[in-house]
Amino acid sequence: MTEHARVLEQLPGHLALRHPAPADHPRLQQALAGWWDGLGGEAGALQRQLLVPRLFLQHFADTSFWVERPDHTLHAFLIGFLSQTDPRVAYIHFVGVCPEGRREGIGSALYDRFFTTARAAGRTQVRCITSPNNRNSIAYHTRMGFHLEPGDRIDDDGVPLQGDYDGPGLDRVSFVRKL
Ligand SMILES: CC(C)(COP(=O)(O)OP(=O)(O)OC[C@H]1O[C@@H](n2cnc3c(N)ncnc32)[C@H](O)[C@@H]1OP(=O)(O)O)[C@@H](O)C(=O)NCCC(=O)NCCS
């Protein structure tokens, strides 16, 4: 029994799960630009694309997941890895579910798959970060059992922010979840 009630036992039959490959990179780049509901405008889309270069599909494919439809169009993806530096930690770098496929348990199914992979590799915690303006991501991660780590200040909604985490003006929200 999984911890999260809505985790799908299996993906719906028309969806196929596999690990991504370098040849998937152009489709991933399209999703990073188009699936974030316009967050950050064109600059935000470019920033997301640059945050997931091809190397993730070359060197982190075994801990990343790709969900596609029978016509091979992309439905959802998760890019994650095992920390090389901290043997306790597994890290989810990016996750996306196509806009028309949300709230159907696909995001939690991908997380559950990643948690299983991380546990099998002896990891005891999963970490990730998100931008303070990505309220959907904060709500989703909270629902998925992640805790918000303390920050150096708290925003108007009570969310703890780590100021300048990724550079000047690039505040982040940090999450951790025990496995
Ligand atoms: C965040 C995202 C991956 C969630 O995927 P999903 O398939 O819709 O999630 P699920 O259907 O598995 O939902 C899991 C739980 O989170 C909740 N949840 C999902 N999106 C939510 C939202 N925007 N606000 C509040 N709760 C949300 C669901 O209600 C569900 O909880 P429940 O079991 O109590 O009903 C998806 O909305 C997405 O791709 N968003 C755009 C990209 C993004 O922001 N990625 C995250 C940062 S990298």
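This is a predicted model: local features need pLDDT of at least 70, side-chain atom pairs count only at pLDDT 80 or more; totals for chains, interfaces and linings use all residues.
F81 stands opposite Y91, a residue of strand 4.

Now widen the selection to residues 74–82, which are strand 3, and to residues 89–97, which are strand 4. These two strands run antiparallel and are joined by seven bridges.

Then follow the chain into the hairpin of strand 2 and strand 3, where five residues lie between the strands. Stop at H72, which takes a positive phi near 70°.

Turn to the ligand. Which residues are closest? Show R102, G107, S108, N136 and A139. Strand 4, helix 4 (106–120) and helix 5 (135–143) are the elements that give two or more residues each. Helix 5 provides the largest share, with five residues. Color the shell by class to see eight nonpolar, eight polar and five charged residues.

Color by domain next: domain 1 is 1–123 and domain 2 is 128–179. Why does the ligand lie between them? Both domains give residues to its shell, so the ligand sits between the two.

Last, select residues 15–166. An unreviewed UniProt entry annotates this span as "domain: N-acetyltransferase". Its end C-alpha atoms lie 35 Å apart. The span is 33% helix and 24% strand.

Notes
Residues are numbered from 1 along each chain as its sequence is written. Two strands pair if DSSP finds at least two bridges between them. Helices (H or I, at least four residues) and strands (E, at least two) are DSSP runs, numbered from the N terminus. UniProt positions are given in the numbering used here, feature names are shortened, and annotations may be inferred rather than shown by experiment. A residue is near a molecule or strand if its C-beta atom, placed from the backbone, lies within 6 Å of it. Ala, Val, Leu, Ile, Met, Phe, Trp, Tyr, Cys and Pro count as nonpolar, Asp, Glu, Lys and Arg as charged, and the others, Gly among them, as polar. Domain bounds come from an automatic or database domain assignment.
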